[in-house]
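Subject: A structure to look through

Hello,

I am passing on a structure that I would like you to open beside this message. Please have the sequence at hand as well, and follow each residue in the viewer as you read.

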Amino acid sequence: MQPLAISHYSIVNSLGAGSQVVLDALRERRSGLTPCDFETVVLDTYIGRVPGLEEARVRPDLGAYDCRNNRLAQIGLALDGFAGAVAAARDRVGAARIGVFMGTSTSGILETELAFRRRDPRTGALPPDYRYRGTHNTGSLAEFVRVYLELTGPAFVVSSACSSTAKVFGSAARMIATGVCDAAVVGGVDTLCLTTLYGFHSLELTSPGPCRPFDVERNGISIGEGAGYALVERIDDRTREGSALLLGIGESADAYHMSTPHPGGLGAKLAMQGALDSAGLAPSDIDYINLHGTATRTNDAAEDLAVRELFGTNTACSSTKGATGHLLGAAGITEAIISILAIEHDLMPGSANTRAVDPELKCRYLLACREAGVRRVLSNSFGFGGSNCSLVLGAASVPSR
C-alpha cells in the first residue's frame with residue numbers, strides 16, 4: 001500500500017486523558033485497573049474505568065446523542081489539539097473530502113440497559129425519552145463525530161469486536177486510495193456496560209484480579225473503556241521527519257470459533273504476514289510488536305505461537321492491556337496510538353501486572369520498559385470469531401539499515 005501520514009491523534013482511557021499522561025503511565029508501568037464498582041454490577045473482577053463520565057454531558061446542540069459512549073467520544077475529540085487539527089484539514093481539503101470511519105463494539109447499549117429499568121410497568125413500553133438511533137445504534141458514533149467535527153464526507157462504523165478500531169485504518173486507506181476522500185478521521189470508542197461485564201463473566205473470561213498478559217498464572221481479561229482518534233492523510237510537504245506513518249495493514253478471518261482463537265494461531269499469522277506484505281517489509285524490519293495479549297490462556301498461547309513462527313524469538317514484544325484493560329472495540333486505536341508513542345519516544349513498554357512470563361510462551365516478552373530505537377512497530381488486534389487485523393506503523397524518513 002501507499003504509506004499514509006498519521007498527522008495527529010488523541011487518546012483517553014483509565015490511565016488518563018491525553019497522550020502525555022498515557023505515555024507517562026506506560027513509562028511508570030502504571031495500571032489503570034481497579035476493583036469493579038460500575039453501576040449495579042456485582043462481580044469479582046477489575047475494570048479500567050474513565051472517571052467522571054457519569055457527570056459529563058455532550059454539547060447542548062448534540063443532546064440527542066447523549067450517552068456514556070458519546071460523552072467519552074467528545075472528551076477524546078477535545079484532547080491533544082485533535083479537533084483543531086481536523087478543522088485545519090477541513091479548511092485545506094473541504095468538509096466533504098474527509099471521511100469518518102469509527103469502530104465500536106457495544107456503542108451506547110448502556111442507555112438501553114438503563115431504559116429497560118424504566119419500562120412502563122403496565123405496558124412494558126420503553127420510556128419516551130429513550131433515543132435508540134442517537135445512543136445505542138452503532139452508527140450513532142460516526143454520526144456524532146461527523147457532526148461534532150463539522151464534516152460531510154463518507155462515514156460509517158466497523159463493529160468486528162476487538163479488531164474494530166484497527167480495521168478502520170484499512171477502511172481509510174482504501175477510501176483514500178480510490179479517491180473517495182483526501183483524509184480520514186479514524187478511531188473509536190467503547191465504554192463499560194452491563195452486557196460486556198456480565199457477558200464475558202458468563203464465558204468465564206474475566207479475571208478476579210488485574211489482568212496479567214502472558215503471565216504463568218494469567219486467568220482472564222479486565223474489561224476497560226477508552227477512546228482514540230487519528231487523522232490519516234496523504235504524505236506531503238507538511239509531513240514532519242520522524243512523524244508517524246501507516247505503512248501496512250493485514251486482515252484475516254479464520255472463523256475457527258466464536259470466542260476461541262485457532263490454536264495454531266492461523267488467523268493471527270495470516271494478519272501479521274499480510275501487514276508485512278502490505279508494507280513491503282520482512283519480519284526482521286519490525287523493532288517491536290504490541291501484542292493483542294488479552295491474558296486468557298488460549299489467546300496468549302495462540303498469539304505466541306504465531307509470533308514465533310513468523311518472527312522467531314528475537315523481536316521484542318509486550319501487551320499493554322495490563323495497563324489499560326481490554327478496551328474491546330477501542331483496543332485497536334488505543335494500541336495503535338501506543339505504538340506511535342513508542343516510535344516517537346523510543347520506548348518499548350513493559351507489561352504492567354505481569355510478574356512471571358509463562359515458560360511455555362517463548363517470544364521475547366518485555367516485563368520492564370526498554371528505551372531503544374523504535375522505527376517500525378507491528379500492532380495486533382484479534383476479534384471474536386477470528387476477525388483479525390495487524391497494522392505496521394513507522395516513522396517518516398526512516399533510514400535503511
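Perhaps begin with strand E17, where both faces are covered: Ser387, Cys389, Leu391, Leu393 and Ala395 on one side are all buried, and so are Asn388, Ser390, Val392 and Gly394 on the other. In a regular strand the side chains alternate between the two faces of the sheet. Please keep in mind that this is a predicted model.

Which strands pair with E17? One of them is strand E10 (residues 244-253), which runs antiparallel to E17 and is joined to it by 9 bridges; within this pairing, glycine 250 stands opposite serine 390. Strand E16 (residues 376-383) also pairs with E17 in the antiparallel sense, over 8 bridges, and here phenylalanine 382 is found opposite asparagine 388. E16 and E17 form a hairpin with 3 residues between the strands, in which glycine 385 takes a positive phi near 75 degrees.

The other topic is the aromatic rings. If two rings count as a pair when their centres lie within 6.5 Å, the count comes to 6 aromatic pairs. One of these joins tyrosine 65 and phenylalanine 144, whose ring centres are 5.9 Å apart and whose planes stand at 65 degrees, an edge-to-face arrangement. Tyrosine 65 lies in the loop between strand E4 (46-48) and helix H2 (68-77), whereas phenylalanine 144 belongs to helix H5 (residues 139-148), so the pair ties together parts that are 79 residues apart in sequence. Both tyrosine 65 and phenylalanine 144 are buried.

Phenylalanine 101 and phenylalanine 156 make a further pair, with ring centres 4.7 Å apart and planes at 40 degrees, so this pair is tilted. Because phenylalanine 101 sits in strand E5 (residues 98-103) and phenylalanine 156 in strand E6 (residues 155-158), the pair ties together parts that are 55 residues apart in sequence.

Best wishes

How values were computed: Residues are numbered from 1 along each chain as its sequence is written. This is a predicted model: local features need pLDDT of at least 70, side-chain atom pairs count only at pLDDT 80 or more; totals for chains, interfaces and linings use all residues. Side-chain values use heavy atoms; hydrogens and water are left out. Rings of Phe, Tyr and Trp (its six-membered ring) pair if their centres lie within 6.5 Å; planes under 30 degrees apart count as stacked, over 60 as edge-to-face and the rest as tilted. Helices (H or I, at least four residues) and strands (E, at least two) are DSSP runs, numbered from the N terminus. Buried means under 20% relative accessible area, exposed over 50%, partly exposed in between (1.4 Å probe, protein chains only). Two strands pair if DSSP finds at least two bridges between them.
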